[in-house]
Amino acid sequence: SPRALRALVFAFAVVAFLAVAVRADEPIAKEKHATVTAAGWTVALHRVRPVTLVAGREPVVFFHGYLENHRYYDLAPGASLAEHLAHEGFDCWIVEFRGAGESEKPSLLDFDGWTYSVDDYIHGDAPAAIDYVLATTGDDQVMCLGHSMGGLTVYGYLASESPAKVKAAVTLAGAGKMGLAESQRLSTLLMLLAGLAAEEKLPFD
């Protein structure tokens with residue numbers, strides 16, 4: 001009858017609401033990790049995971065954009081894509097490229113040290129991070145999410161490194177083509193500014 005159908009729909013809605021509410025309250029854990037690239041750079045990884053991992057879900061590896069760090073994906077409670085996905089049962093790993101956040105960076109006046117490029121992220125930082133996540137979790141594949149320059153890094157990794165290690169990838173405003181800086185000095189200055197801007201300065205920990 002229509003009344004019974006409405007009651008069934010209402011009961012289903014209540015159960016669905018409670019399931020979402022409970023899921024949102026599921027505890028998560030945060031960890032700090034680090035790995036070393038083939039060239040010797042130490043790269044930081046910030047792990048945001050459910051206390052009880054969900055079987056069958058590959059870890060998600062996040063790559064940030066230019067002038068960013070891990071806070072782009074994990075700003076604060078209630079403003080964190082990583083936390084949201086962790087509440088949904090995903091094991092999230094946020095990579096900080098060399099020169100950003102808690103990863104290794106050259107000294108301020110070491111201009112030669114700031115001459116690395118996106119190629120170094122593609123062939124150095126990303127492979128080291130993905131291999132570390134796979135070794136730590138025991139999974140065979142990861143899923144990747146990259147914003148802007150992070151998306152470009154994902155494209156480069158898939159095109160030239162180990163695409164078989166990536167089950168799926170999503171990019172947000174990832175450039176498909178990037179021109180070269182006219183001057184090496186300009187490129188060095190931009191990388192230096194990126195390192196300074198990507199320092200963590202937000203008191204949320």
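Trainee: Which residue in β6 does F62 stand opposite?

Mentor: F62 stands opposite I94 in β6, where strands are DSSP runs (E, at least two residues) numbered from the N terminus. This is a predicted model, in which local features need pLDDT of at least 70 and side-chain atom pairs count only at pLDDT 80 or more, while totals for chains, interfaces and linings use all residues. Residues are numbered from 1 along each chain as its sequence is written, and side-chain values use heavy atoms, with hydrogens and water left out.

Trainee: In what sense do β3 and β6 pair, and over how many bridges?

Mentor: Strand β3 (residues 60-63) and strand β6 (residues 92-96) pair in the parallel sense over four bridges; two strands count as paired if DSSP finds at least two bridges between them.

Trainee: And what is the strand order in the open sheet?

Mentor: The open sheet of six strands runs β1-β2-β6-β3-β7-β8, and its pairing is mixed. Strands β1 and β8 (166-172) are the edge strands, each pairing on one side only.

Trainee: Switching to A34, where is A34 found?

Mentor: A34 is found in strand β1 (residues 28-36), and A34 is partly exposed at a relative accessible area of 44%, the class between buried (under 20%) and exposed (over 50%), with a 1.4 Å probe and protein chains only.

Trainee: What is A34 in contact with, beyond its neighbours within four places in sequence?

Mentor: With those neighbours left aside, A34 is in contact with T42, V43, A44, L45 and Y132, contact being heavy atoms within 4.5 Å.

Trainee: How much of the protein is buried?

Mentor: Of the 205 residues in the protein, 41% are buried.
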